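Dear colleague,

I am handing over the structure that you will be working with, and below it I have written down what was found in it. Please read the notes with the structure open beside them.

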Amino acid sequence: MTETTTNGDWIAKRKRYRRLMFGLLLAGVVGFVAATNLDRPIVGVALYWLGIAGYVAVWKGTSVTLFDERDCALERRSSVATLTLSAAALITFAPAEVVLSEMKIYTAPPVFEGVLYTVSAQGLLFGVFYLWLRIKQ
Amino acid sequence: MKNNLRERRETMGLSQADLAEAVGVTRQTINSIERGRYDPSLELAFKLAGYFDCLIEDMFTPAED
């Protein structure tokens, strides 16, 4: 059902709902970190999921259009920029780490290897989705 | 892409928010289109042309390189 509102109401509602969505998400994450630091990890996870559930509830529960095509375009451009930067970092640092380690100049901490694997997996996932979408279109 | 959206909107005495609501996008999207920073989708271009009762090419013209 489409709500009948004045223009001001419509704009205000969009802003209010978007703030509410991101506020709930942030509260969930902050709650998770705070509760975990207070040795209450289960409470933290519960708060986290409450935040996520609140975000989805507002997003799906309102008839107000919260995101439009420009938001999608911005997300797409941001995703491409992130992937490009990640790929450039991977291409540069992965071989550098091998060479420096082999020459016993510098050994990167294990977490660095984990980051490289994560970025590689992300790139692989992107490739899979890209191929799938290409086949679909 | 160049456009005369602002002129058409102002001629009709509409605010960006009015037009945004009429075509189902945010006011920021209308603002970005008017400033030439965002090229709308074909669907939105048709909606805008329909709203102003004109052809898409009457409203949008390719930018000269």
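B:Glu34 is buried, with a relative accessible area of 11%, where buried means under 20% relative accessible area, exposed means over 50% and partly exposed lies in between, as judged with a 1.4 Å probe on protein chains only. This is a predicted model, in which local features need pLDDT of at least 70 and side-chain atom pairs count only at pLDDT 80 or more, whereas totals for chains, interfaces and linings use all residues. Residues are numbered from 1 along each chain as its sequence is written, chains are lettered from A and ligands numbered from 1 in the order in which they are written, and side-chain values use heavy atoms, with hydrogens and water left out.

Which side chains does B:Glu34 meet in a salt bridge? One of them is B:Arg6, at 3.5 Å from N to O, and this pair links distant parts of the chain, since B:Glu34 lies in helix H3 of chain B and B:Arg6 in helix H1 (residues 5-11) of chain B, 28 residues apart. Helices here are DSSP runs of H or I with at least four residues, numbered from the N terminus, and a salt bridge is a side-chain nitrogen of Lys or Arg within 4 Å of a carboxyl oxygen of Asp or Glu. B:Arg6 is partly exposed, with a relative accessible area of 31%.

The other is B:Arg9, whose side chain meets that of B:Glu34 at 2.5 Å from N to O, and here too distant parts of the chain are linked, with B:Arg9 in helix H1 and B:Glu34 in helix H3, 25 residues apart. B:Arg9 is buried, with a relative accessible area of 5%. B:Arg9 also forms a salt bridge with B:Glu10, the closest N and O atoms being 4.0 Å apart, and B:Glu10 is partly exposed at 47% relative accessibility. Through shared partners, B:Arg6, B:Arg9, B:Glu10 and B:Glu34 are joined into one network, while a search of the whole structure finds four salt bridges over all chains.

B:Glu34 also takes part in a contact (heavy atoms within 4.5 Å) between two helices, in which B:Gln16, B:Ala17, B:Leu19, B:Ala20 and B:Val23 in H2(B) meet B:Arg27, B:Ile30, B:Asn31 and B:Glu34 in H3(B). The axes of H2 (residues 16-23) and H3 (residues 27-34) of chain B come within 8 Å and cross at roughly 110°.

Best wishes

How values were computed:
Axes are lines fitted to C-alpha atoms, for helices over the stretch in contact, and angles run from 0 to 180 degrees between N-to-C directions.
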